[in-house]
Amino acid sequence: MGGTRPRIRDLGYSPGRFRPGPRNSLLDVKGVTVGQITIHKGPDVHTGLTLIFPRGVNGTRQHPCYAASHDLNGMGELTGSHGIAEWGYTNSPIALTNTVSIGKVYDALFSFQFEQADALGEDDIESARRMTIPVVGETFDGLLNDIRRSVIDNAIVHGAIEAAKTQPEILEGNHGGGTAMRCHGWKGGTGTSSRIVPGVGGKEYTLGVVVQANHGAKLDLRIGNVPVGELLEREKKGEDIEEAPLPAAGRAAEGSILVVIITDAPLLPHQLRRIAQHAGMGITQVGGHSAGRNASGEIFLALSTGNVPKELTSGSNGFDYLPPLETHAVETLKNEAIDSLFYATSEAVEEAILNSLCKAETLRGFKGRCTEALPVDKVRGLLERYMVSID
């Protein structure tokens, strides 16, 4: 997707058991749209924004999604997560950007809510009833981007909104919020993947993920259980990797990762919390025991488009004292069947991280610092040499 560099499947590794959707992307989930803005200004400014609309630009605000979040390690920020925990749903687009830009994106998304309300002719009461806390997540791009410049503004956010109306694919690596992010010591950033999970009677469900990968250390990188990071470092030092035994992974990691999971399977908030937790399994498939270090923010958000929790009551105005009770019907996954979605989440997250690494390109940025792209041809050779094939 975008550019000429391969995705991980092009190198011979296909994580997991379930097949991907036709685009192997979050966009395989029906109704989801994504807009990205990538910014390069001179030698020092490299950053961007990824904006995800679970039900499209015009449908997300009017039709909430059940949602839940999970922190593997919480030294980061995802605004709106308290509201999601309290109400169990959100009708906000999901924004991914850099650490310093959270406030500006948050403010712009509030303005966008008001613009949508005005366009629909809502009065101030209905607008207040539909208002939500914007959901904005961050990772730190300050090594390759002059983050103090804080160049993302209202116009950039509205550019991403417009892009989400027509953008045909999610651009991976050095694009959107992932523009200047680093992963396992190489250039990382934005990655995506999807899975098709079969249901009873021939029905199929789709689960897709987007990651903003800015975490991990070289020595911990594993692909298909091959310690690629340490093998590449050993080769760089001139050591004979043909004769030496395979090394064990280890050493400290750095940075953060955001994961957004969206599925059309009908799930309730407590089930989505469990789905979000399993993003961590996919991260450990790539980084071993190093995930969730003290100073990192591994923050995961899961949403379902399978139900529409229509929150507005008809028997009261939303602010009544002791309003009469009202209900709505929901469909939900049977508890004993959820393991398949756990598995799909883990393998899609693993693949999305690897796609972010494979698609990312070398970037020289702030203060002349340079982060190289993953040497995909060498990785292909290592996988051919060491990965066990089960056919």
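Asn24 is buried, with a relative accessible area of 7%; buried stands for under 20% relative accessible area, exposed for over 50% and partly exposed for values in between, with a 1.4 Å probe and protein chains only. This is a predicted model, in which local features need pLDDT of at least 70 and side-chain atom pairs count only at pLDDT 80 or more, while totals for chains, interfaces and linings use all residues. Residues are numbered from 1 along each chain as its sequence is written, and side-chain values use heavy atoms, with hydrogens and water left out. Helices (H or I, at least four residues) and strands (E, at least two) are DSSP runs numbered from the N terminus.

- Asn24 lies in the segment before strand 1 (33-41), and its phi is positive, near 50°, in a residue other than glycine.
- Lys367 is not a glycine either, yet has a positive phi of about 60°.
- Lys367 sits in the loop between strand 13 (363-364) and strand 14 (370-371) and counts as exposed at 63% relative accessibility.

**Nonpolar core**

- A nonpolar core is a set of buried Ala, Val, Leu, Ile, Met, Phe, Trp, Tyr and Cys residues joined through side-chain atoms within 4.5 Å.
- The largest such core has 53 residues, of which Ile223, Val228 and Val259 touch the most other members.
- Helix 9 (residues 339-359) gives the most to this core, with ten residues.
- Contact means heavy atoms within 4.5 Å. Apart from neighbours within four places in sequence, Val228 is in contact with Leu221, Arg222, Ile223, Val379, Leu382 and Leu383.

**Helix 6**

- Seven of the nine residues of helix 6 (residues 228-236) are buried, so this helix is largely enclosed by the rest of the structure.
- Those buried residues are Val228, Gly229, Glu230, Leu231, Leu232, Glu233 and Arg234.
- The buried residues of helix 6 pack against strand 8 (186-187) and helix 10 (376-386).
- Leu231, in helix 6, is buried with a relative accessible area of 1%.
- The C-alpha atoms of Leu231 and Gly35 are 37 Å apart, and the two residues are 196 residues apart along the chain.
- Gly238 follows helix 6 and has a positive phi, near 85°.

**Helix 3**

- Helix 3 (residues 102-119) has 18 residues and reaches 26 Å from its first C-alpha to its last, close to the expected 26 Å. The expected span is 1.5 Å times one less than the number of residues.
- The buried residues of helix 3 are Ile102, Val105, Ala108, Leu109, Phe110, Phe112, Gln113, Gln116 and Ala117.
- An α-helix has 3.6 residues a turn, so residues three or four places apart point the same way.
- The packing partners of the buried residues of helix 3 are strand 2, helix 1, strand 5 (94-98), helix 4 (124-130), strand 6 (135-139) and helix 5 (154-163).
- Gly121 follows helix 3, with a positive phi near 75°.

**Helices 7 and 8**

- Helix 7 (residues 269-277) and helix 8 (residues 279-287) pack at an angle of about 5°, with their axes 4 Å apart. That makes helix 7 roughly parallel to helix 8.
- Axes are lines fitted to C-alpha atoms, for helices over the stretch in contact, and angles run from 0 to 180 degrees between N-to-C directions. Angles under 35 degrees count as roughly parallel, over 145 as roughly antiparallel, 65 to 115 as roughly perpendicular and the rest as oblique.
- In this pair, Ile275, Ala276 and Gln277 of helix 7 meet Ala279, Gly280 and Met281 of helix 8.

- Arg55 is found in the loop between strand 2 (45-53) and helix 1 (56-59).
- A polar atom of the Arg55 side chain lies 3.0 Å from the backbone oxygen of Pro64.
- Residues up to four places away in sequence aside, Arg55 touches Gly31, Thr60, His63, Pro64, Cys65, Ser304, Thr305, Asn307 and Val308.
- Asn58 is in helix 1 and is exposed, with a relative accessible area of 65%.
- The C-alpha atoms of Asn58 and Val29 are separated by 16 Å, with the residues 29 residues apart along the chain.

**Ser316**

- Ser316 is in the loop between strand 12 (297-304) and helix 9, and is buried with a relative accessible area of 11%.
- The side chains of Ser316 and Thr313 make a polar contact (2.9 Å). A polar contact is a pair of N or O atoms within 3.5 Å; within protein, one must be able to donate a hydrogen and the other to accept it, and residues adjacent in sequence count only if both atoms are side-chain atoms.
- Not counting residues up to four places away in sequence, Ser316 touches Arg129, Pro323, Pro324 and Glu326.
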